[in-house]
Amino acid sequence: MDELVHQVQRRVDALPPGLQAHIYRVTDIARELAGCYGIDGERAALGMLAHDAARAMPEEELTRRAAEMGLPIGTVEREAPVLLHGPVGAEILTRESGLDDPALYRAVYWHTTAHPSLDDLGKVVFLADKLDPEKIASYPYLPELRQLALENLDRAVLEFLSREIISMASQGRMVHPVVIETRNHLLASGVASIH
């Protein structure tokens with residue numbers, strides 16, 4: 001694990017300063033959330049250090065790397081290749097840095113859209129990324145979401161996904177099918193919305 005942490009840290013050190021600052025802010029948030037749910041704080045921190053490993057790649061490179069790695073590229077990814085940075089990052093970390101933890105792999109892979117297969121670690125990584133205080137302009141309900149995340153991970157994920165689907169649809173933007181699938185999965189599991 002120490003070697004993986006070292007490899008991931010080297011990747012973070014090579015990222016632009018603004019992205020590094022985001023990663024460190026959300027790492028602290030992930031540690032806090034992890035403590036609420038009995039999750040290993042160091043694994044949560046590693047998930048956050050790793051989550052944006054491919055975020056600084058140009059869109060053409062993300063698309064090329066995803067195709068070379070055999071990752072699915074759907075209609076939404078073709079329109080917004082930045083959505084590939086989680087899957088490409090997870091694959092790079094597995095192939096080049098020795099990531100062999102399936103839960104961490106899924107957490108990095110699905111940190112942008114969430115996914116029904118995420119365990120609590122994956123939900124912490126997903127939510128901590130969204131809870132960056134610098135994202136308040138994008139997510140004005142961030143204080144409410146943060147409080148919900150401290151109380152119930154599933155309800156917080158459901159709340160975020162529900163609000164994002166409404167926001168994206170009202171702007172005429174595409175919604176990733178996995179976002180809808182994850183929301184439906186949570187509802188079918190009996191997770192109640194706060195509204």
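How much space lies in the largest cavity? About 40 Å³ of space lies in the largest cavity, and a search of the whole structure finds one cavity of 30 Å³ or more. This is a predicted model, in which local features need pLDDT of at least 70 and side-chain atom pairs count only at pLDDT 80 or more, while totals for chains, interfaces and linings use all residues. Residues are numbered from 1 along each chain as its sequence is written, and side-chain values use heavy atoms, with hydrogens and water left out.

**Helix α1**
- Helix α1, residues 2-13, has 12 residues and reaches 16 Å from its first C-alpha to its last, close to the 16 Å expected at 1.5 Å a residue (helices are DSSP runs of H or I with at least four residues, numbered from the N terminus; the expected span is 1.5 Å times one less than the number of residues).
- The buried residues of α1 are Leu4, Gln7, Val8 and Val12 (buried means under 20% relative accessible area with a 1.4 Å probe, protein chains only).
- Because these residues cover an arc of only 140° around the axis, they lie on the same side of α1 (the arc is that of the directions from the helix axis to the C-beta atoms).
- What covers the buried residues of α1 includes α2 (17-36), α3 (41-51) and α6 (85-97) (contact means heavy atoms within 4.5 Å).

**The largest cavity**
- A cavity is a set of points on a 1 Å grid over the protein atoms alone where a 1.4 Å probe fits but cannot get out, and lining residues have an atom within 4 Å of a point; a volume is the space filled by probe spheres set on the points, which are joined across faces, edges and corners.
- The lining of the largest cavity includes Leu4 and Val8, both of which are among the buried residues of α1.
- The elements that give two or more residues to this lining are α1, α3 and α7 (102-109), and α3 gives the most, with three residues.

**The largest pocket**
- About 710 Å³ of space lies in the largest pocket (a pocket is an open set with protein on both sides within 12 Å along at least five of seven lines).
- The largest pocket is lined by 27 residues, of which Leu83, Thr112, Tyr139, Glu164 and Arg173 lie nearest its centre.
- Among the elements lining the largest pocket, α10 gives the most, with five residues.

Conventions:
Buried means under 20% relative accessible area, exposed over 50%, partly exposed in between (1.4 Å probe, protein chains only).
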